[in-house]
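Subject: Structure for you to look at

Dear colleague,

I am handing over the structure we spoke about, and below it you will find my notes. Please read them with the structure open beside you.

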Amino acid sequence: MRIIDGVVRPYAWGSRTAIASMQGRPVPSAHPEAELWFGSHPAGSARCIDVNGVEQDLVDVIDADPLGALGAESTAAFGNRLPFLLKVLAAEEPLSLQAHPSSEQARAGFERENARGLAIDARDRNYRDPWHKPELIVAITPFNALAGFRTPEVTIRLLRELQVSELDPYLGMLAGQPDSEGLRALFTTWLTLPESLIRQLVPAVLNGAVAALSTGETEFTAELRTVCELGEDYPNDPGVLASLLLNNIHLEPGQSLYLAAGNLHAYLRGTGVEIMANSDNVLRGGLTPKHIDVPELLRVLDFTPVDAAALSPPVRTIGAERIYLTPAPEFRLSRVELDGTGLHHASSISFDMPGPQILAVLSGAVEVRPAGGAPLTVPAGRALWITHDDPDVTVHAASARAVFYRALVPVSVTARPGHSSPVASAVE
């Protein structure tokens, strides 16, 4: 077991308060802080601190003993690398519209770009590794996102409510084919419009949205406000138009969103815990000055209409642990809340421990007691690295209220003889 210090990623869309306040640092921070990474990604490996105070990158800790750190089942499935990346994401401004490839698309794309001789860090490279990138985000604060293509019939009502004559040809395109192929045709048309037409169409849509909002609350108030906000930040970006085709999703704290391959999405605002397969593969579709490869994006996107509720994964609660169930083979994420007073919730929880795990503390502090070893205290804003070879642990609240997130490789990959499923048991 080792304490983990996460790596802060200072992207421009980040918050100056969320991560700093979680870690007990002065706010506002000097620069926007967008993400806090707890993982071994080569672009930002977290620092591990052992009981003697010696610091080492997590990627180096794993490389020194992959089997002991990850277990034979995980290394057989994913190689000598931690297959997930756990992070805190704090968005004050919208992220780009983007999608991620399937495993097959990632492998083929990576090999294709290698054969072309593209450098891994080339600006126009789409595939920086051969892995897919499913992801799950759990809201810490109220959280807003765009995700998945909305049912065409509903989008048709939204476009009609705007009452923008410039939209009529595009409205007719979708009304004439209200299915996934109609969505593909409309999205492709908007994404490839000449800039001169974008400069006319986006302001007309914004004017229509403002006019519709001036009449009071409507079925599409959230969608209209979002397109106005995006249009102000990206006035000549076709992604503003594309946002009209996607589900506008609001999460309350504890609610979640799972994004499989091909799902076009953008996080708009809020703080959450995000876990994803450990990959850099992103195909962008707008709301960004970065490279957009339209043909490759269209090959990756899934235009099948999806209801927003279907993007929220089922949850299983066992004692103090709230488990978010997804089909991703690389990760499983759960939220644990402990009560140091013992009055309302369990004050401690025990884990059976096959495979690698990270416990990231977001609120309060916990004391982790390994079987036969010395305890470690983990405060908010830090995490604990537990290897496959480490003993089972009991986690106690070290404050009146303690909240941490537990990331692991699912039992179907990491189960080993003599160890039960990695399900928690509460200890009062």
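In which strand does Arg-284 lie? Please keep in mind that this is a predicted model. Arg-284 belongs to strand 13, which covers residues 283–286, and the UniProt annotation "active site", taken from an unreviewed entry, covers Arg-284. Arg-284 counts as partly exposed because its relative accessible area is 22%, a value between the cut-offs of 20% and 50%. Leaving aside neighbours within four places in sequence, Arg-284 is in contact with Ser-96, Leu-97, Gln-98, Lys-290, His-291, Ile-292 and Leu-297.

One of these partners, Gln-98, is placed in strand 7, made up of residues 97–99. Gln-98 has a relative accessible area of 12% and is therefore buried, since buried means under 20%. The side chain of Gln-98 makes a polar contact, at 3.1 Å, with the side chain of Ser-96. Beyond residues up to four places away in sequence, Gln-98 touches several others, including Asn-263, His-265, Val-282 and Gly-285.

Elsewhere, you can trace an open sheet of nine strands, whose order is 5-4-1-21-18-23-16-15-14 and whose pairing is antiparallel. Its edge strands, strand 5 (55–57) and strand 14 (315–318), each pair on one side only, and the twist from one strand to the next averages 25 degrees. Within this sheet, strand 1 (residues 2–5) and strand 4 (residues 47–49) run antiparallel and are joined by three bridges, with Asp-5 standing opposite Arg-47 in strand 4.

Technical notes: Residues numbered from 1 in each chain as written. Predicted model: local features only at pLDDT ≥ 70, side-chain atom pairs only at ≥ 80, totals over all residues. Heavy atoms only, no water. Helix = DSSP H or I, 4+ residues; strand = E, 2+ residues; numbered from the N terminus. Buried < 20%, exposed > 50% of the residue type's maximum accessible area, 1.4 Å probe, protein only. Polar contact = N/O pair within 3.5 Å; in protein donor to acceptor, adjacent residues only side chain to side chain. Contact = heavy atoms within 4.5 Å. Pairing = 2+ DSSP bridges. Axes fitted to C-alpha atoms, helices over the stretch in contact; angles between N-to-C directions. UniProt positions renumbered as here; feature names shortened; annotations may be inferred.
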